[in-house]
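Trainee: I would like to learn how to read this model, feature by feature. Can we go through it together?

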Amino acid sequence: MNCQRKFYPDILTDETIRCIRDEIIYYQRPLKSCKYLVSRCEFEKRFYLNAAGKKTEAGPKVAPRTSPLFQVCRLWESINNIVVKDRRNEIVFISAEQRAALFDFLNTHEKLKGSDLLKLLGLSKTYGYRLGEQFKTGIQGNKTRVEIERALGNYPDKKRLLQFNLQEESSSMVNTETGEIIPMISLSFEQEPLYRLWHVLYSIDDREQLQSVLRQKFGIDDDEVLERLSVIDLVKAGFGNKSSKAIRRILPFLQLGMNYAEACEAAGYTHSNNYTKAENEAHALLDRLPAIKKNELRQPVVEKILNQMVNVVNALMEKYGRFDEIRVELARELKQSKEERSNTYKSINKNQRENEQIAKRIVEYGVPTRSRIQKYKMWEESKHCCIYCGQPVDVGDFLRGFDVEVEHIIPKSLYFDDSFANKVCSCRSCNKEKNNHTAYDYMKSKGEKALSDYVERVNTMYTNNQISKTKLQNLLTPVDKISTDFIDRQLRESQYIARKAKEILTSVCYNVTATSGSVTSFLRHVWGWDTVLHDLNFDRYKKVGLTEVIEVNHRGSVIRREQIKDWSKRFDHRHHAIDALTIACTKQAYIQRLNNLRAEEGPDFNKMSLERYIQSQPHFSVAQVREAVDRILVSFRAGKRAVTPGKRYIRKNRKRISVQSVLIPRGALSEESVYGVIYVWEKDELGHVIQKQRAVMKYPITSINREMLDKEKVVDKRIHRILSGRLAQYNDNPKEAFAKPVYIDKECRIPIRTVRCFAKPAINTLVPLKKDDKGNPVAWVNPGNNHHVAIYRDEDGKYKERTVTFWEAVDRCRVGIPAIVTQPDTIWDNILQRNDISENVLESLPDVKWQFVLSLQQNEMFILGMNEEDYRYAMDQQDYALLNKYLYRVQKLSKGDYNFRYHTETSVEDKYDGKLNLELSRQMGKLKRVSIKSLLGLNPHKVHISVLGEIKEIS
C-alpha cells in the first residue's frame, strides 16, 4: 500500500488506507457482549422472587483478576499459604514483618522464586530447606502493577501513578462472639491513582480514544508511554471468584496472617458453604434436585457430571423416599484440577511402562505380581539396602519374604495409609524393633548421630528423585505431627466439584459427608468383596485360556490358585456399584474405631486385630454381594438428538427482535476438511480408459513426504517432479527440504505453498458445501459420523438398510421430517404436497412401500442371542441375572457392519498380549460384530435401562 501511495498520494490518504484495511479487507463486526456471563459473588449473592414468581439471583459480580484490589488480596492469600520446612520436617515460623517484606517484593516483581524467599527470610540456601509446591514455578507477583510500571518506563510522574494505598474503616457487621465491629477496606481505594489508571486501561477498547483519555485525565503526554499503555491486555485474564465488596471484608484479616478459610470466617462468611449444626437443621429441604442449567457454572464438564448425579438422586428419591444420609466418594481424577489430571494420566502411563519392565526382570523369582513389582521398586529406591540400618538386602530374599519385609513408615494404626508412599524396604530385625513408632521417632530413639545420618540419607534420596515428596514427608513425620482427627485426613473438599456436589446434596438431605477411597478400599478387601467381579468374569476368561495358576503363601502354607491374567476390577463397570455398597455400609464409628484400636490394644496391636474388628461388624456376605452384582444392568445415555430448538436475535427497523424457530445441530455436521472434485482418466477392470471423478484436497507443502509421492497422491505431474527432486536433495527429510521456498517457475517468482492431492473419501460419500452462481457445486465435505441405521422390510419381505449421517438427519429435521423415519408411507404422503424439499433429502428417505423394522443408534441397548420364550419369561419375571448375560450396547455403526459391546465392559480395545484379536473378544462375548442378516438372526430386542438399572422394552 505504501508503494502505491507514492503514485496516488491524493487518493491513498491515511483515512482511505484505514478504511480499506480495517473495514473492507479485515473488517470484523463488534463482538457480542458477554457481561451477562460474569458470575455473582458466592459470598454476597442473594435470591428473591421477581414479579413473575421466578427465583432470581442478585448481588455484586465478581471482580476482574487484573483489578489492583484483587491482585493485593491474591498476594496475601499466597503469602499466608507459604510453608517452609527444615531438614527435620519442622515448619519455619514467618513473622508479621517478614510477611510484609514478602508482600512488598511480590507487589513490585513478576515472581517470587525459592531463592528470593530464603533471602527475604534470612535462611541459608545450603541448609536444605524445603519449600511448597508453588515454588516449583514461583509465586506470581502483582502482574497488573508490574505491567503498568514497565509501560510507564522512566516517565517522571510514575511514582504517583503507581500509588495504591488501602485504608480500613468500620463496617456495619459485628462479630457475634466477641462483640467487636468487623473492619473492612474503605471505598476510597477507587480514587487511588493506580486503580483509576487500571480502570481506564481495562474499560476502553479503542486505542485512539484510550490515549485521548490518558492525556486528559492523567496528563500523560509521552507518545511512547501512551503506545505502551494502550497495548496492555488487562481483559484476557478474566474474572476472579469474589466481588470487590467481599475482598474489602476479607483482606484486613488476610493482612493479619490468617489463611483464606480463617479470614472468610472472621469476615462473617461461610467458606465452602458449610452449615453449622443449627443452620443445617434449620434449612428447609427440597422435594427434588433442580437440574443445573447450561452455563450456570460455566464449566461444561462439571455441569455434565453433576447433572448425572442430580438425575440419579431424583430417581432414587422418587422410588425410595427421602435420604437419611448421603455419603459421597469422588473419583480421584475428579478431585484434581485439569493440570493435576493431566499429570496423573502421564504418571499412570509412566508407571505402567516401568511395571512392565520390572515384571520382565523379576520373573526368575516367581510370578511378577503387583506386590512383588512394588517390592522391587522399594528395593531400588533404597539403593538395595534397609532404609533404617543401611545393611545390604538381597532382592531375591525381599521378593520371597525371607528376613526382609515391607515396612509401613507411619504405622497403619496411626495413619491408615497402605499406599506405596507409606512403604519402604526394611530388614526384619529393624521392622520388629520399630514396632508402632513412626520412622522418624524410631531413628530418633537410636541417638542424635543415627537421626542425623537418617535425615541426611532420606533428603539425598529425595534430591536424587529416588522417592516422592509424600514419602519424604512420611519419613520425616514424628507422631505428634499426625492429625488425631482421622476423618479430616480423609476429606479433600477444596476443589470446586467436591464443594458444589456437597452443596447441591445438602438441599435434599441434612446429613451429607464426603470421603476419599482409602478406607473404602480396606473395608472392601476385608469383607472379601474384592474378588466378586473376578469370580463373575472367571468362566469367560477361562474358556479362551486367559487364566493362570499362581502360588500364594498363606500362614506358612503354599496354596495354588487359578486367576485371570492381569485382572483389574476396572475392566468391569460394576466396580462402581461395589464401591458404592462399601461406602453405604461404612459407618463413622468404624473409622473412629480404626483410630482408637491401637490405644486400646497398646503395643500388641497388629493388622489381624484390625481385620477381625472389621469382619465382626455387620455386612453382607460375599455370596449375597455376588448375587446382587450379577443382577446389575449397566445404564448408558443412548442416542443423540440431531437438533434442539433455539433462538437468535436480528435487527429490524433498528430494533432487536428474537427469532424463535431456529434449529441448532447437536454436533459437528461434517469433518473439517474441504474437498474438491476433478475428472481423471483411469483404466477400469477391463483395461478400458475411462473418465472418473476423484476427491482432491490441498495440503501445505510442508506436509508432503516421500510416501505420498511414491503412492502418486500428488495430482499435478509437474509439481510431483519438482517436489520429488527437492526431497532427493535433502535425503527425503521434508522439514529440511521445504524450509526454503520451492518455486514452480525458473524465474523463482511463483512459490508453491499448497499441493493438490488425491483424498481418501469416495465421491458418493461427499456432500456439496458451496455452489457457484450457476448452482454448480464447487466444494464438498465428508459428513463424518453416522447418526443412526434404520432397517426396513420391502414388499418382497427382504430387509433393506438406510445408513443416515448426522448431516442427513439434520437436513431432515430442518424440513420437518423426523430424523428416524418409522412411517415411510405417511412421510411420502406429506412430501407430495410440498415443493420445498431438496433432492438430497429425498434420496436419503426410505421407499414408500417399505415397513420399518428397527433402528440403531450409538449406546442404545439390545438383548441379543436370547430365544423368544426365555426372553418373555425373563422380562415378565424381571430376571435380571438372566437378562444380564445377553445385554449389549451399540458401540459403532457403519453400512452393513454393526458393533455391539457387552454392557459391563469398560474398554473397547480388543488387544491381548499387545496384539489385536477380535476373534478372542467374540468368543468371550465381549463383542458382537454383525450384518443385517446375522443381527436379525440374534432375535434383537431394543430395551431401555434407566439410571437405576431398571429394564423396559421399547416397542
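Trainee: Where does I11 lie?
Mentor: I11 sits in the loop between α1 (2-5) and α2 (14-25). Keep in mind that this is a predicted model.

Trainee: Is I11 buried or exposed?
Mentor: The cut-off for exposed is over 50% relative accessible area. I11 has 55% relative accessibility, so I11 counts as exposed.

Trainee: Next, aromatic pairs. What describes a pair of aromatic rings?
Mentor: Two values: the distance of the centres and the angle of the planes. A search of the whole structure finds 17 aromatic pairs here. One of them is W76 with F103, a stacked pair. The rings are 5.0 Å centre to centre, with 10 degrees between the planes.

Trainee: Where in the chain do W76 and F103 lie?
Mentor: W76 is in helix α3 (residues 68-80), and F103 is in helix α4 (residues 96-108). They are 27 residues apart, and the pair links distant parts of the chain.

Trainee: Are W76 and F103 buried or exposed?
Mentor: Buried means under 20% relative accessible area. W76 is buried because its relative accessible area is 8%. F103 has 14% relative accessibility, so F103 also counts as buried.

Trainee: How do Y792 and W850 pair?
Mentor: That aromatic pair is tilted. The values are 5.9 Å centre to centre and 40 degrees between the planes. Y792 lies in strand β22 (residues 786-793), and W850 in the loop between α35 (839-844) and β24 (851-856), so the pair ties together parts 58 residues apart in sequence. Y792 is buried at 1% relative accessibility, and W850 is buried at 12%.

Trainee: Which residues do ring pairs link into a cluster?
Mentor: F164, F189, Y195, W198 and Y202.

Trainee: Now sheets. What is the strand order in the open sheet of five strands?
Mentor: Read across it: β19-β18-β17-β21-β20, with antiparallel pairing. β19 (754-758) and β20 (767-771) stand at the edges. Each has a single partner strand, so one side of each is left without a neighbour in the sheet. On average, neighbouring strands of this sheet are turned by 50 degrees against each other, direction ignored.

Trainee: How many bridges join β17 to β21?
Mentor: Two bridges join β17 (residues 674-683) to β21 (residues 777-781), and these strands run antiparallel.

How values were computed: Residues are numbered from 1 along each chain as its sequence is written. This is a predicted model: local features need pLDDT of at least 70, side-chain atom pairs count only at pLDDT 80 or more; totals for chains, interfaces and linings use all residues. Side-chain values use heavy atoms; hydrogens and water are left out. Two strands pair if DSSP finds at least two bridges between them. Helices (H or I, at least four residues) and strands (E, at least two) are DSSP runs, numbered from the N terminus. Axes are lines fitted to C-alpha atoms, for helices over the stretch in contact, and angles run from 0 to 180 degrees between N-to-C directions. Buried means under 20% relative accessible area, exposed over 50%, partly exposed in between (1.4 Å probe, protein chains only). Rings of Phe, Tyr and Trp (its six-membered ring) pair if their centres lie within 6.5 Å; planes under 30 degrees apart count as stacked, over 60 as edge-to-face and the rest as tilted.
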